[in-house]
Structures are given as C-alpha cells and as structure tokens.
Amino acid sequence: DTIFAVKRESPLIVGWGEGENFVASDIPALLKYTRKYSVLEEGDMAVCTTEGIRFYNEFGEPVERQQLTVDWDMEAAEKGGYPHFMLKEIMEQPRALKATIAPRIKNGKIVLDDFDEAFRADFRYINRIVITACGSAYHAGCVGRYMIESLCRVPVEVDVASELRYRHPIVDEHTLLIAVSQSGETADTIAALSLIHISEP
C-alpha cells in the first residue's frame, strides 16, 4: 500500500486525492482524479500512501513541497476536436501569439515593467544571441533568428541542443542564450542550458 517515487532528471509530480494519491509525469494524467498536485525537485523522493504523501530530499531529509491547484480544464490539454495535436497547435498559433504578446503592449508601446532596471540594463550589453532547441522547437528558433536579426540587428545562431551540450560553445557575459522547448522538459535542451550556465565566465 505504498508507492516510492524518485525524481531523477525526468519530470515527476504527485497528485493529492481523498483516500488515494497519484504519481505521474504530467498534470493532464491526473485531472480525471484530482486538481491538487506537488512538483518533485531533482533528487526528491515521495512516499505515497492512502493516508498522505511525505517528501524527502536527496539526502533522505524530510522536506515540504508546496501543494498547487490546477486552474485550467481538461479541454485545454486535449485535441479540442482536431484530428491530431499538430493541426490543433497550428490553428491555435494566432491566439497563442496574441496571449503571449498582449500583456507586454500598453498604449502601443512595449512595456517590461515587471523586470527591474538592472535586469533591463543587461540587455543593452548583449552583442550575440544563441538559440538552442530540439525538433520542431529548433525550427521555431530558425524563424526566430531571422526575426531577431531583422528587428534588433544582433547576430543570432541556432544550435540543436543535443549538439550544443557536447561541444564547448564560446559564450561570455555579452551572450544571451534562448532555450526553446514546447514542453519545458526536453532533456537535451535542459542539459544544454545547464552547461552554458556552468561554463559562463
């Protein structure tokens, strides 16, 4: 009557039920059963029973993990009447683009008021951009390269994340790395991001 779940590199969450608890890699798998969940951090272990869930860190020490609540419905996670996800995502592009950009536009101007001045100042010293991604996200990065170079006049290169992580890229404090991932969980992209973070001066 006990499930032991250990988080190692791949995503892992637990769902809080009544008289039952769940383990899954993603939220949609839980929505039929519960809307309450917790996210395990790297190295965490969750001990799940019908009575509750206990969390331990990689050293075996008891820790607390925040209980969150899903505020979107299952329809948002499913195909929405389209025959496959690719067509659904193509048709959703205008709405998704508007939802992403609209909060940043006020009175016809780009507003970054939730970034502090020091953060915005860093962008003035960027002289090179590296975009890294895998699969279709890589192709989105290629489109982004043309747009950024055209609008910002800053040189951009696009790297497949699985290649970037195995070479020794040239980066410095004037290089901006943009990691693109549809799921946010692409292993090669996350590894490349960690590599750049560790290797920067």
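Visitor: Why is Phe55 called buried?

Guide: Its relative accessibility is 6%. Buried means under 20% relative accessible area, exposed means over 50%, and partly exposed lies in between, with a 1.4 Å probe and protein chains only. At 6%, Phe55 therefore counts as buried. A word on the source: this is a predicted model, where local features need pLDDT of at least 70, side-chain atom pairs count only at pLDDT 80 or more, and totals for chains, interfaces and linings use all residues. Residues are numbered from 1 along each chain as its sequence is written, and side-chain values use heavy atoms, with hydrogens and water left out.

Visitor: How many aromatic pairs does the structure hold?

Guide: The structure holds 2. Rings of Phe, Tyr and Trp (its six-membered ring) pair if their centres lie within 6.5 Å. Planes under 30 degrees apart count as stacked, over 60 as edge-to-face, and the rest as tilted.

Visitor: What makes Trp16 and Phe55 a tilted pair?

Guide: Their centres are 6.2 Å apart, and the angle between the planes is 55°. Trp16 is in strand β2 (residues 13–16) and Phe55 in strand β6 (residues 53–56). The two are 39 residues apart, so the pair links distant parts of the chain. Helices (H or I, at least four residues) and strands (E, at least two) are DSSP runs, numbered from the N terminus.

Visitor: Why is the pair of Phe22 and Tyr33 called stacked?

Guide: Here the planes are 25° apart, and the centres 5.2 Å. An angle of 25° is under 30, so the word is stacked. Phe22 lies in strand β3 (residues 21–24), and Tyr33 in the loop between β3 and β4 (36–39). The pair ties together parts that are 11 residues apart in sequence.

Visitor: Are Phe22 and Tyr33 buried or partly exposed?

Guide: Phe22 has 17% relative accessibility, so Phe22 counts as buried. Tyr33 has 48%, so Tyr33 counts as partly exposed.

Visitor: What makes β11 and strand β13 a pair?

Guide: Two strands pair if DSSP finds at least two bridges between them. β11 and β13 (residues 175–179) have 5 bridges, in the parallel sense, so they pair. Ile129 stands opposite Leu176 in β13. Strand β12 (residues 156–160) is also joined to β11 by 5 bridges, and these strands run parallel. There, Val158 is the bridge partner of Ile131.

Visitor: Why is Arg120 called partly exposed?

Guide: Arg120 is in helix α2. Its relative accessibility is 28%, so Arg120 counts as partly exposed.

Visitor: Which residues does Arg120 contact, leaving aside its neighbours within four places in sequence?

Guide: They are Leu112, Asp113 and Phe115. Contact means heavy atoms within 4.5 Å.

Visitor: Where is Leu112 found, and why is Leu112 called partly exposed?

Guide: Leu112 is in the loop between β10 (109–110) and α2 (117–122). Its relative accessibility is 34%, so Leu112 counts as partly exposed.

Visitor: How many helices and strands does the protein have?

Guide: The protein has 5 helices and 13 strands. Of its 201 residues, 26% count as buried.
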